[in-house]
Amino acid sequence: MTGGTGFIGSHTTVELQNAGYKVVIVDNLSNSQASVVDGIEKITGVRPAFEKVDCCDKDALDAVFSKYPDISGIIHFAASKAVGESVEKPLLYYRNNIVSLINLLELMPKHHVKGIIFSSSCTVYGQPDPENLPVSEDAPIKPAESPYGNTKQINEEIIRDTIKSGQPIKAILLRYFNPIGSHPSAIIGEMPNGVPMNLIPYVTQTAMGIRKELKIFGNDYNTPDGTCIRYYIYVVDLAKAHVKAMERVLDTDNDSLEVFNVGTGKGVSTKEIVDAFERATGVKLNWTYAPRRAGDIEKVWANPKKANDVLGWHAETSLDDTLRSAWNWQKHLREEHIQ
């Protein structure tokens, strides 16, 4: 698993190990910490293998496959992922997100790896037309609103073209948005290096007093409360979707390429997140409105019916419970004197 010490990767490692899989984590620790491996071991009782490797380094990646010859499936999380930063540093995003995938696809046949699950995003739909909300997997792929979103579109096309060329691999593209919350143990959670680029850690750090105030970017969008509507999903529910996808990509005789939206089926505005956090935790947030941010999509959320029906996967956790878990994680960090 690439990016396995990151937020989604660490929770997915836990769920894979709980399901009996052996996991090898490959991560360059650019936006995570090696101590996450200790947390995974504490939760599951099993320590995953860990290799500090940058996926853009093909020789180093090749050596990982040689060291662990039994690898049969890959989950590819490793990517730069902040929309705003991608607008400022597009070449960084194109290099990190595209070269890493190409390296994996070139090495898979060499090392007899059967399948890859690609961590994609609802950003590939761009700003869907109103009649296509919630978006289904066959909705038009619109022009990306940011370099980050464009890398996800390009990577999906690279995978599609690779499979069309006859390479002996299978792929599942999982499109999702904004995983939030933390493991119920509060042993692992979202811990970005530096100032958070994602909403929920910024919310919890503001509630804790680490950040002075939360800025909501834009309150003049064409939505009920004027703030962007997004798709939020509990990270543990999302992790379980990857276990279902791994079972399918390795064990069943289906199409070489499949696409699934993974989510709750309900859009939530930024202001609704703030209100729900205050309701779920009883903590008041210091927040204010700020101008719109480049690259932000006005509203997008997805229809998860195909994942429900074909993968047998459902999002099960309420928004309030999810936000409460994020707050418990932030309190754990304070107790550990980490943040």
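**A charged residue without a partner**

In this predicted model, glutamate 15 is buried but forms no salt bridge. The nearest side chain of opposite charge belongs to lysine 240, 4.7 Å away. A salt bridge needs a side-chain nitrogen of Lys or Arg within 4 Å of a carboxyl oxygen of Asp or Glu. Glutamate 15 is part of helix 1, which spans residues 7-18. Leaving aside residues up to four places away in sequence, glutamate 15 touches Val236, Ala239, Lys240 and Val243.

Next comes helix 7, made up of residues 199-208. This helix is mostly covered, with 9 of its 10 residues buried. Among the buried ones are Leu199, Ile200, Pro201 and Met208. What lies over the buried residues of helix 7 includes strand 6 (179-180), strand 7 (214-217), helix 9 and helix 11. After helix 7 comes glycine 209, which has a positive phi, near 90°.

Helix 9 runs over residues 270-281 and helix 11 over residues 319-335. Their axes come within 9 Å and cross at roughly 75°. Angles of 65 to 115 degrees count as roughly perpendicular, and helix 9 and helix 11 are therefore roughly perpendicular to each other. On the helix 9 side, the contact is made by Ile273, Ala276, Phe277, Arg279, Ala280 and Thr281. Helix 11 contributes Leu319, Asp320, Leu323, Arg324 and Trp327. By type, the residues of this contact divide into 7 nonpolar, 1 polar and 3 charged.

Notes: Residues numbered from 1 in each chain as written. Predicted model: local features only at pLDDT ≥ 70, side-chain atom pairs only at ≥ 80, totals over all residues. Heavy atoms only, no water. Axes fitted to C-alpha atoms, helices over the stretch in contact; angles between N-to-C directions. Helix = DSSP H or I, 4+ residues; strand = E, 2+ residues; numbered from the N terminus. Parallel < 35°, antiparallel > 145°, perpendicular 65-115°, else oblique. Contact = heavy atoms within 4.5 Å. Nonpolar A, V, L, I, M, F, W, Y, C, P; charged D, E, K, R; others polar. Buried < 20%, exposed > 50% of the residue type's maximum accessible area, 1.4 Å probe, protein only. Lys, Arg positive; Asp, Glu negative; His and termini not counted.
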